[in-house]
Amino acid sequence: MSLYQRFSAHVADALAALTAAGDLPAGLDTRAVTVEPPRDPTHGDLATNAAMVLARPSGMKPRDIAIMLAQKLARLPDIEAAEVAGPGFINLTLRPDVWRAELRHIAAEASDYGRSTMGADHRVNVEYVSANPTGPMHMGHCRGAVVGDALASVLAYAGYGVTREYYINDAGGQVDTLARSAHLRYREALGETIAIPEGFYPGDYLVPVGEALARDHGDRYVGAPEAEWLALFRRETVALMMIRIREDLKLLGIEQDVYFSEASLGNRVQEALETLDAKGLIYEGVLEAPKGETAEDWEPRPQTLFRASRFGDDSDRAMKKSDGSWTYFAGDVAYHWDKLARGYDALVDMFGADHGGYVKRMQAAVKALSDGKVPLDIKIVQMVKLLRAGEPVKMSKRSGNFVTLADVVDEVGKDVVRFIMLTKRSDSQLDFDFAKVVEQSRDNPVFYVQYAHARIASARRKAVEAGIVLPDPDFALLDDTDLALVKAAAQWPRIVEQAAEAREPHRIAFYLGDLAAAFHTHWNLGNDDPQRRLVLADNPALTAARLALADAVGQVIRNGLSVMGVEAANELH
RNA sequence: GCGCCCGUAGCUCAGUUGGAUAGAGCGCGGGACUUCUAAUCCUGAGGCCGCAGGUUCGAAUCCUGCCGGGCGCACCA
C-alpha cells in the first residue's frame, strides 16, 4: 500500500467514524473525496477536499465538516498537523518520520517500488507500430513504437496483464506491389539490368530480398506469368521484411508478444461480418456523396455497409467494395473481433496522426462487437519533425531516401531516442534535433536525468575512494532539507498510477525531470555550504544517511527509466 | 460543408482528470563563481489560460457558440 493510499484510508476511516457518531449523515457518497499532495508545498504534504465534496449532500457547511474531520485526523500518530484552509481544504502535515519510513520502504522494495495493483485482474491489449511490411522502419514509425511500448510497460508496472501486439498489413494491394518490386530485384540478382517503374518500391532494401529469392528459386520465375509467383513472392518478401522490421524494433528494445497477420484472418472476416449482421448492423446500400469538395470520380455504388453511424460515427462504413471484395476496414473489424474473442478487458490502439479519421469507425465496430463492454482507446501519435541543428532534414519518400530508424538509433543511441519520444504528449508535434538530443546541458532532459543518476553513483564511488567506513544509515540524521528529496521520490507510485490511468507514458519523463531537478538542487546546496554535501569525510554517519537518501532517488530514477525502456547510466562521458 | 485534434509567459511545452495565488525550461534583467559538488548556480520581471456565455462552493480543465491553426473526409492501406 502506497503512502497516499494509506492516508486516503485514514481519511475514509475518519469519515466513517464521524458517520457512526452521527456527526455526518449516513450513506454519503465519498467517491469524489481525494487525498493528494497540494500544488503549493506550503500547504503541507497532503490535502483532502472531503469537506467540500460532502457539504452539499450532507446539507452542512464545508468548514463545519472540515473542523470535525481535521480534529480526528490530527490525533493520528503520523500526522503532525491538520489545518482547515481556504474554502474547506484540510491540509495535512506529516511527521518527518513518515518520510524516513518511506525511505526504508524505497530501499526494501527497490525495483518494485512504485508497482501498483490497480490493474490486477485486468487484461489489456496494446497494439502499436503495425507498420506495413513494405520497407524498413523509418522515423515516421518511431514515435508510435516508443510511446506504445512505454505505455505497455506503464500498464504492466501498474499491474495490468498486458499483451504487446503488432498487426501486419500483409493482405492488400500494397503487398502485391511489394512482391512485384521484389520480383524485379530477383531478376536483377540473376543478372538482368532493371528499371524500377513509377509506383513500385524503389528502395535498396529489396536488393538482398531479391538475392535471397534468387538463391532459393533460381531462375524458375524469371519469365513466368505473375500468377505463378505472386503469392509466393508476397509471402516470402513479407516474411523477410518482418525479420528486418523486428530487428529494427529490437534496436529500440522493442519485442512484441503477438505479430498478427492480416492475411491469416481468413474466414474470420466473414464471421465478423455475420456477427454484426446477426445484430442487424449490416445492410446493402449506397453512401451519400461526401459534402464540400466534390470528388470528381464519385458515383453512387451499392456496397455492403456497417451501421457505424449508430455508434457515434459520422457515416456508415463499407465492409465490402462494390466488386464484392473486402475493404481494409472489414479486415480490421475482424482483427479487433479476434482480439475481443481473446478476452481482453480493454483494447488500446496507437494510430498515426494521418489515421485520425479512422478512429470513430474502429471504435464503433468494437462497441458493436462487444456490446459496448470493452473500451477501445485509440491514442493518436503526432508527427516528428527531424532537424539537424535547427534545419529540417530532407526526406523524399519517392526515391526511397528516408531516414531510417536504424540510422537514428545508430547515431544517437536507443536511450536518447526513447526518452525524447516521451518528452511531449503524444498528440502534439515533436521536434527531434540531432544536435540537441545529444547535448550535455540543462536543456536536454535525457542528459539532465541521466546526469542526476550518474552523480548519485559517483558520490558513492567517491566515498569508497576516500576510504570512509560507512555505518548502517541512521535516517534520524536527515533534516527537512534532505527529506524534501524523499517527498519528491515518494511521488513515484502516484505518477505510475496516473500515467496508467491516463494512458500517458510521457508523464514518467516529466516526473523524472522534476525529480532530477530536485536532486540537482539538493546537490548544488553543497556548493555554498560544504556541510550539505553528500560525502563528508569527517562524518561517516551523516554520509551514510545522505548516500542512502541519494540511493533512494537513484532507485526511483532507475525504476522510471526502466518503465520508459531507457537504461540508467552510472557515469557519463 | 462535416468530423477529430490543438490554442496556456516572447519561444518550446507541463498542468495531479474540477481545487487554493496557473508552473518548468529556454530567452530577457540583476547577482554569484576564476572552481572541480560549475558539463553552472541564485534571483527578478513576464499571464484576459484564443474570445463570449453557461454548469457549481470552485473552471486552463466540463457544456454551448464563435475566432484562429493542423489533420481527415465514399471502394486505398
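Visitor: Which helix gives the most residues to the surface near RNA strand B?

Guide: This is a predicted model, in which local features need pLDDT of at least 70, side-chain atom pairs count only at pLDDT 80 or more, and totals for chains, interfaces and linings use all residues. Residues are numbered from 1 along each chain as its sequence is written, chains are lettered from A and ligands numbered from 1 in the order in which they are written, and side-chain values use heavy atoms, leaving out hydrogens and water. A residue is near a strand if one of its heavy atoms lies within 4 Å of it. With 7 residues, the top contributor is H17.

Visitor: How many residues surround RNA strand B?

Guide: Arg-39, Arg-301, Lys-424, Gln-440 and Asn-527 are the closest. By type, the surface divides into 20 nonpolar, 22 polar and 21 charged residues; Ala, Val, Leu, Ile, Met, Phe, Trp, Tyr, Cys and Pro count as nonpolar, Asp, Glu, Lys and Arg as charged, and the others, Gly among them, as polar. The number surrounding RNA strand B is 63.

Visitor: What is the mean pLDDT of chain A?

Guide: pLDDT is the predictor's confidence in each residue, from 0 to 100. In chain A, 98% of residues reach 70 or more. The mean is 91.

Conventions:
Helices (H or I, at least four residues) and strands (E, at least two) are DSSP runs, numbered from the N terminus.
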